[in-house]
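I set down here what I looked up in the structure, entry by entry.

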Amino acid sequence: MKKRVAIFISGGGSNMVRLLEDMAAADHPAEPVLVLANDAEAGGLKKAAGMGVQTAVVDHRPFKGDRPAFEQALQAELDKVRPDILCLAGFMRVLTEGFVAPWEGRMLNIHPSLLPKYKGLHTHARALEAGDAEHGCTVHLVTPALDDGPILGQAKVAIQADDTPDTLASRVLTMEHKLYPAVLRRFAEGDRTPVFL
């Protein structure tokens with residue numbers, strides 16, 4: 001039995017596309033059952049639908065900051081498809097402990113820094129400001145604390161003298177597209193040994 005995977009997005013979904021492309025392989029231990037966005041305009045929704053994956057939208061705005069109600073609506077969509085694994089792929093809403101706790105050990109996220117460095121936003125600029133020699137991305141299990149769960153994989157890029165946050169982000173994204181599918185494949189097989197690229 002393949003593991004059932006739901007993916008949450010907020011934008012164009014480039015990491016989601018790579019996960020879907022990888023899961024399309026016959027030997028993959030997982031299959032996508034839902035792509036959910038918190039914005040009906042998220043470009044990734046059309047891409048997912050074009051790849052034959054069911055989509056849903058739960059817009060956070062009508063909830064006006066009522067996170068538990070928003071998360072109940074998210075969970076209601078998940079209940080329809082009963083996923084085994086939930087992948088956050090550029091989902092730009094912070095989830096509360098009430099949502100995360102039941103999913104703990106089954107929810108993955110990709111973050112554009114070498115955690116535990118630079119949790120939160122603006123990671124590329126922060127790495128440059130710190131004068132770091134290398135930067136990268138991390139796939140980790142989601143826990144109630146932001147960007148804090150056990151690390152399942154990391155990929156590194158060397159920082160170049162003329163890098164800007166945008167050029168660095170572009171090179172890190174290339175590595176994200178390699179790392180996340182590699183981690184999900186192993187995770188779906190029950191292997192939590194970290195992947196390092």
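**Entry 1: glutamate 71**

I located glutamate 71 in helix α3, residues 67-81; helices are DSSP runs of H or I with at least four residues, numbered from the N terminus. The model is predicted, so local features need pLDDT of at least 70 and side-chain atom pairs pLDDT 80 or more, while totals for chains, interfaces and linings use all residues. Residues are numbered from 1 along each chain as its sequence is written, and side-chain values use heavy atoms, with hydrogens and water left out.

Which side chain of opposite charge is nearest to glutamate 71? I found arginine 67, 5.9 Å away. Glutamate 71 is buried (under 20% relative accessible area, 1.4 Å probe, protein chains only) and has no salt bridge (a side-chain nitrogen of Lys or Arg within 4 Å of a carboxyl oxygen of Asp or Glu). Beyond four places in sequence, glutamate 71 is in contact (heavy atoms within 4.5 Å) with Val94, Leu95, Thr96 and Phe99.

**Entry 2: nonpolar cores**

I noted that the largest nonpolar core holds 39 residues, with Ile7, Cys87 and Leu108 making the most contacts inside it. Such a core is a set of buried Ala, Val, Leu, Ile, Met, Phe, Trp, Tyr and Cys residues joined through side-chain atoms within 4.5 Å. Helix α6 (residues 165-188) gives the largest share of this core, 9 residues. Another core, of 20 residues, lies apart from it and includes Phe99 and Trp103.

**Entry 3: arginine 126**

I placed arginine 126 in helix α5, residues 123-129. The backbone oxygen of leucine 121 lies 2.6 Å from a polar atom of the arginine 126 side chain.

Note on methods: Helices (H or I, at least four residues) and strands (E, at least two) are DSSP runs, numbered from the N terminus. Buried means under 20% relative accessible area, exposed over 50%, partly exposed in between (1.4 Å probe, protein chains only). Lys and Arg count as positive and Asp and Glu as negative; His and the chain ends are not counted. A polar contact is a pair of N or O atoms within 3.5 Å; within protein, one must be able to donate a hydrogen and the other to accept it, and residues adjacent in sequence count only if both atoms are side-chain atoms.
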